[in-house]
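Please open the model in your viewer and show the chain as a cartoon.

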Amino acid sequence: MSIASHSRARARASFKMIALAMAAAASVGGVAHYRSTKSASAKEVAAKVRPAMAAALGRARPGFVLIAGDSHAAALHLPCDSVNVAVGGLKARDVRAHLARLPMPVEPSAVLVVVGTNDVLRKQSPLERVDDWISAVRQVVERFRKVVVVTAIPPVGEELAAIFDPDAIHVYSHRLEHLCSDGGCVYVDPWKTLRSRLFGLARQGALVDGLHVADHTVAVRELAGMLCRDPASRSDGIGTVKVD
């Protein structure tokens, strides 16, 4: 086996370990975590849990924060009234479609979007799809009239660099920053302390499985400062969904 083939094999093995790490997710602080079966895609899981999310939105109070995106968004618990409709495994176009199917009788006071990791898989040739991706994100942003905070894409571990493209993480995040510079959204990188000297790669120990953040304290503090008008008011029982 060549060195390159060996590296890819190790990366695939590391990627499979993500499922084991996610299996340990349990109910924490009133936030329900769900895990899909191996046969269910992220879009199928989103469809299954959408009624519960719609019910949560129906109970939402004025001033709440909406959190949308992939598993990185699903793991964020803000210290203020919020509804999390993130589903792990979603790509930008999936987030757009998911939000389009969710009724929002009360408009959120602010929206947090974390998306992009599932769009930078090497097998998808992400550097050839930047324009399509940014178009999908733009449509998500334009759906809302209030402030929309969009984060940079978190880094990945070096052990998964054969599966996820660290260069695409940098390019996509730069395009997000440019998108928001034109107005309509606010770009932020709450993952700065996780990055190595290379933007798309994480420093050692920053991730639990080569993909997911080990400690969200710094990121949540920065995001709460931007999004939470009243940190003292917390939401009860917000549905969050993770999928392998």
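**Before selecting anything**

This is a predicted model, in which local features need pLDDT of at least 70 and side-chain atom pairs count only at pLDDT 80 or more, while totals for chains, interfaces and linings use all residues. Residues are numbered from 1 along each chain as its sequence is written, and side-chain values use heavy atoms, with hydrogens and water left out.

**The whole chain**

Colour by secondary structure. The protein chain has seven helices and seven strands; helices (H or I, at least four residues) and strands (E, at least two) are DSSP runs, numbered from the N terminus. Read from the N terminus, the elements run α-β-α-β-α-β-α-β-α-β-α-β-α-β.

Of the 244 residues, 51% count as buried. Buried means under 20% relative accessible area, exposed over 50%, and partly exposed in between, with a 1.4 Å probe and protein chains only. The chain exposes about 11800 Å², and carbon and sulfur atoms supply 53% of that area; accessible areas come from the Shrake-Rupley method with a 1.4 Å probe, and for residues only the protein chains shown count as cover.

Contacts (heavy atoms within 4.5 Å) can be sorted by separation along the chain. Among those between residues at least 6 apart in sequence, 78% join residues at least 24 apart.

**The sheet**

Select β2 to β6. They form an open sheet of five strands in the order β3-β2-β4-β5-β6, with parallel pairing. Two strands pair if DSSP finds at least two bridges between them. The edge strands are β3 (82–84) and β6, each pairing on one side only. Neighbouring strands are turned by 20° against each other on average, direction ignored.

Now step through the pairs:

- β2 and β3 are parallel, with three bridges; I67 stands opposite N84 in β3.
- β2 and β4 run parallel and are joined by five bridges; G69 stands opposite V114 in β4.
- β4 and β5 are parallel, with four bridges; A110 stands opposite V147 in β5.

Show side chains on β2. V65, I67 and G69 point one way, L66 and A68 point the other way, and all are buried. Five of the five residues of β2 are buried, so this strand is largely enclosed by the rest of the structure. On β5, four of the five residues are buried, so β5 too is largely enclosed by the rest of the structure.

**The cores**

Select L99 and its surroundings. Leaving out residues up to four places away in sequence, L99 touches L66, A68, V85, M104, V140, R143 and F144.

L99 belongs to the largest nonpolar core, which has 50 residues; V85, L99 and W133 have the most contacts inside it. A nonpolar core is a set of buried Ala, Val, Leu, Ile, Met, Phe, Trp, Tyr and Cys residues joined through side-chain atoms within 4.5 Å. Elements that each supply at least two residues of this core include α2 (42–59), α4 (92–100), α5 (130–142) and α6 (166–181). Apart from this core lies another, of 25 residues, among them A74, L112, A202 and A224.

**Helix α7**

Which residues of helix α7 (residues 217–227) are buried? Select A219, V220, L223, A224 and L227. Seen down the axis of α7, these fall within an arc of 125°, so they line one face of the helix; the arc is that of the directions from the helix axis to the C-beta atoms. On the other side of α7, R221 and G225 are exposed. The cover over the buried residues of α7 includes β2, β4, β5 and β6 (186–188).

**Two loop residues**

Go to A202, in the loop between β6 and α7. A202 is buried, with a relative accessible area of 13%. Neighbours within four places in sequence aside, A202 is in contact with P155, V156, G157, L194, R195, S196 and L207. Draw a distance from A202 to V213, 11 residues apart along the chain: their C-alpha atoms are separated by 9.5 Å.

Finish at S125, in the loop between β4 and α5. Phi of S125 is near 50°, a positive value in a residue other than glycine. At 30% relative accessibility, S125 counts as partly exposed.

Key. Axes fitted to C-alpha atoms, helices over the stretch in contact; angles between N-to-C directions.
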